[in-house]
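User: I would like to go through this model with you and ask, for each label, what it rests on.

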Amino acid sequence: PADAGPQRSAVPEMRAAPEAAATLARALTAARAAIQDHRYDAALAELNKLQTLPKQPADHARYERLVLLAGYAKNFDLALRSAIDGLHSGDEIEIGGSAFVGFVEASADSLTLHVKGANRTYRLDSLPPGLAVALADRWLNKDDPVSLAVKGAYLATLKDSTQTQRAKAREWLEEASRRGVEGELHKVLDDTYDERETGA
């Protein structure tokens, strides 16, 4: 949600013990990995363990950004699947403002499209990013800045993302912040979770 930004007033102003810093670093790293694997509930469960752990303000902000990232990435997945559920055979999907592909059929874990004269089947968990965004756009409200956060979160969680994809993620997340979505989620693109940086 757009109002789910970090609650700065609740940040404990204390230095974490070395073991707490190590626990925090491991959990944040594990949560980020789970998000990249589309295991959003597992990521949130990992982050929930950290709610009562003493954190410095910078650590708390990194933690909050991961909570938001998991939530928005999960919402992208829901939008993508909802969009696919609404497709009918023969529907055209516009990709990147210039290319069109035709919908053939979908199953629980795959999607078949008519591309350049032939049918191609894609796994839903490894769709080309441009196609995934084009599909999600059919469901998301283009006038809602939260949609920018949702799409930016998706690109921000791609494994082996390209420089172009990361730049687009930053652009969407920064625009979402300018338009009132709380959390400064664009900063998650630069966050690291090294034990030496937590608790300091």
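User: Why is threonine 157 called buried?

Analyst: Buried means under 20% relative accessible area. Threonine 157 has 4% relative accessibility, and therefore it counts as buried.

User: Which residues does threonine 157 touch, leaving out those up to four places away in sequence?

Analyst: With those set aside, threonine 157 touches Ile35, Gln36, Leu69 and Ala73.

User: How confident is the predictor in the chain, and where is confidence lowest and highest among the elements?

Analyst: The mean pLDDT of the chain is 89, and 89% of its residues reach 70 or more. Confidence is lowest in helix α1 (residues 18-36), at a mean of 91, and highest in helix α5 (residues 145-156), at 98. Over residues 1-9, however, the pLDDT is below 50, although this stretch has 18 contacts in the model beyond near neighbours in sequence. Where pLDDT is low, the predicted coordinates should not be read in detail.

User: What makes phenylalanine 76 and tyrosine 154 an aromatic pair, and why is the pair called stacked?

Analyst: Ring centres must lie within 6.5 Å for a pair, and planes under 30 degrees apart count as stacked. Phenylalanine 76 and tyrosine 154 are 4.1 Å apart centre to centre, with 5° between the planes, and they form a stacked pair. By this rule the count comes to one aromatic pair. The pair links distant parts of the chain, since phenylalanine 76 belongs to helix α3 (residues 57-85) and tyrosine 154 to helix α5, 78 residues apart. Phenylalanine 76 and tyrosine 154 are buried.

User: How do you know that lysine 55 lies over the face of tyrosine 63?

Analyst: The distance criterion asks for NZ of Lys within 6 Å of the ring centre, and there is a second condition, within 35 degrees of the ring normal. Lysine 55 is at 4.7 Å from the ring centre of tyrosine 63 and lies over its face. Lysine 151 likewise lies over the face of tryptophan 172, at 4.6 Å from the ring centre.

User: What makes β2 and β3 a pair of strands?

Analyst: Two strands pair if there are at least two bridges between them. Four bridges join β2 to β3, which run antiparallel, and phenylalanine 103 stands opposite leucine 113 in β3. A hairpin of three residues joins β2 to β3. By the same criterion, β1 and strand β2 (residues 99-106) pair in the antiparallel sense over four bridges, and six bridges join β3 to β4, again antiparallel. The hairpin of β3 and β4 has two residues between the strands, and lysine 116 in the turn has a positive phi of about 50°.

User: Why are β1 and β4 called edge strands?

Analyst: Four strands form an open sheet in the order β1-β2-β3-β4, with antiparallel pairing. The strands β1 (92-95) and β4 (118-123) each pair on one side only, and they are the edge strands. Neighbouring strands of this sheet are turned by 40° against each other on average, direction ignored. Helix α4 (residues 129-137) packs on the sheet, touching β1, β3 (110-115) and β4, and its direction makes about 120° with that of β1.

User: Why is β3 described as mostly covered?

Analyst: Five of the six residues of β3 are buried, the cut-off being under 20% relative accessible area.

Technical notes. Residues are numbered from 1 along each chain as its sequence is written. This is a predicted model: local features need pLDDT of at least 70, side-chain atom pairs count only at pLDDT 80 or more; totals for chains, interfaces and linings use all residues. Side-chain values use heavy atoms; hydrogens and water are left out. pLDDT is the predictor's confidence in each residue, from 0 to 100. Contact means heavy atoms within 4.5 Å. Buried means under 20% relative accessible area, exposed over 50%, partly exposed in between (1.4 Å probe, protein chains only). Rings of Phe, Tyr and Trp (its six-membered ring) pair if their centres lie within 6.5 Å; planes under 30 degrees apart count as stacked, over 60 as edge-to-face and the rest as tilted. Axes are lines fitted to C-alpha atoms, for helices over the stretch in contact, and angles run from 0 to 180 degrees between N-to-C directions.
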